[in-house]
Amino acid sequence: MGIGSEAAAAKLVATCLVGGAVILVGVCCFYYSSSSMGEGDGLLWERWKQKLLLKKKKKKKKPIRVYMDGCFDMMHYGHCNALRQARALGDELFVGVVSDAEIIANKGPPVTPLHERLIMVNAVKWVDEVIPDAPYAITHDFMMKLFNDYNIDYIIHGDDPCVLPDGTDAYALAKKAGRYKQIKRTEGVSSTDIVGRMLLCLRERSSAADNPNPKHSSLQRQFSHGHSHKFDEDGAAPGTGGGTTRISHFLPTSRRIVQFSNGRGPGPDARIVYIDGAFDLFHAGHVEILRIARDLGDFLLVGIHTDQTVSATRGAHRPIMNLHERSLSVLACRYVDEVIIGAPWEVSKDMVTTFNISLVVHGTIAENHDFEKEQSNPYAVPISMGIFKILESPLDITTTTIIRRILSNHEAYQKRNEKKGASEKRYYEDKTHVTGD
């Protein structure tokens with residue numbers, strides 16, 4: 001081998017030795033950093049991971065916020081279904097509740113004051129945040145406040161028209177801004193209709209007192225079972241103030257029950273609390289006693305009495321709302337986990353066992369607060385088992401309270417119904433199909 005060849009070979013060997021040494025050092029460094037990382041190096045590694053996580057979070061889309069407003073006077077399942085539909089159009093639902101003064105100026109006196117309406121809206125399980133004292137009409141300034149302060153993406157309303165006293169569209173600005181979305185109105189009920197039912201109830205009771213007649217059926221049966229009533233030319237019952245009080249348009253479906261249900265049962269060791277009642281004209285008093293009852297356990301089961309039971313215990317003109325209507329209102333409440341549709345009047349031992357009930361409760365403010373004096377106490381079994389408790393009701397409100405508010409000022413509410421009657425009539429005459437509900 002020549003001198004040149006030997007030099008080349010030596011150079012090659014040297015290069016391999018240096019390369020191997022570099023690789024060896026790299027492997028050692030990698031092993032050291034992964035298995036023997038010092039405190040300082042570990043801190044740097046954690047910071048790097050946190051930066052990666054922050055970048056990933058920033059890449060995620062911001063939640064879509066939707067806004068819906070309303071008076072929510074005498075809140076019912078139609079309001080709740082509207083809020084459910086609105087919530088489905090975004091990730092967070094903000095709800096504006098119109099002030100008493102704005103309602104009086106635009107519609108007439110509200111039946112329930114603002115503080116009660118706020119309790120009701122806050123209790124709906126699809127609502128994320130409530131904005132009190134919202135204006136009746138969305139002005140430019142308020143719309144900008146929604147967009148800038150509350151980061152609202154869309155303003156939602158039903159397919160029924162909302163017309164201001166001057167004849168303009170209350171949501172014209174939102175539509176012009178391209179930030180308006182529409183949902184389907186829930187048919188079969190409105191606050192105007194419920195007021196009309198009670199006004200008809202007043203008229204029938206007066207008529208029955210003057211001329212007792214066994215043919216006077218309960219108001220609820222006429223509406224929920226489709227029995228006709230004498231209507232004037234506008235299709236309204238006489239004396240109810242316009243074309244709003246008629247045979248109920250409500251058509252209960254299993255799908256609607258599923259939409260309102262939580263879809264979950266109690267856990268194996270859950271403490272199940274049971275409370276029952278009519279829950280007619282679902283109001284703030286109902287909500288507050290349900291809230292307290294829910295705090296006493298892990299799962300709140302609510303029994304809703306049949307129309308026949310309510311009529312037998314409250315009188316022939318009750319309930320105002322039928323069983324399915326009352327069930328949906330209760331199901332929409334965030335404190336309720338499950339309902340028994342058509343619960344028995346008496347809580348039996350078999351019922352306690354079947355539903356694994358740990359505690360049966362009853363409020364101090366109720367339509368029937370003399371149950372302990374009755375010959376057959378509906379709570380005799382849970383009392384004997386030591387699982388019955390009386391709860392102090394936070395609000396002194398009953399269904400009778402709401403009815404008395406209407407009857408004490410029935411002339412004003414009749415005028416209010418006359419204003420709404422024409423628009424309700426036009427809606428049902430001119431309505432078109434709207435997808436989704």
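A: On a 1 Å grid over the protein atoms alone, a cavity is a set of points where a 1.4 Å probe fits but cannot get out, and its volume is the space filled by probe spheres set on the points. This is a predicted model, with local features needing pLDDT of at least 70, side-chain atom pairs 80 or more, and lining totals using all residues. Residues are numbered from 1 along each chain, and side-chain values use heavy atoms, without hydrogens and water.

Q: Which residues line the largest cavity (an atom within 4 Å of a point), and which lie closest to its centre?

A: The lining has 28 residues, with Asp276, His286, Ile365, Ala366 and Glu367 closest to the centre. Strand E6 (272–277), helix H11 (284–294), helix H12 (307–314) and strand E9 (357–363) each give at least two lining residues.

Q: And what surrounds the second largest cavity?

A: Its lining comprises 18 residues; Met74, Met75, Leu281, Phe282 and His283 lie nearest its centre. Helix H5 (114–122) and helix H13 (323–331) each supply at least two.

Q: Which residues touch the most other members in the largest nonpolar core?

A: Such a core joins buried (under 20% relative accessible area) nonpolar residues through side-chain atoms within 4.5 Å. Here the largest has 60 residues, and Met74, Leu83, Leu281, Leu290 and Val302 touch the most other members. Another core, of 23 residues, lies apart from it and includes Cys71, Val98, Ala134 and Phe147.

Note on methods
Buried < 20%, exposed > 50% of the residue type's maximum accessible area, 1.4 Å probe, protein only. 1 Å grid on protein atoms, 1.4 Å probe; cavity = no way out; pocket = protein on both sides within 12 Å on 5 of 7 lines; lining within 4 Å. Helix = DSSP H or I, 4+ residues; strand = E, 2+ residues; numbered from the N terminus.
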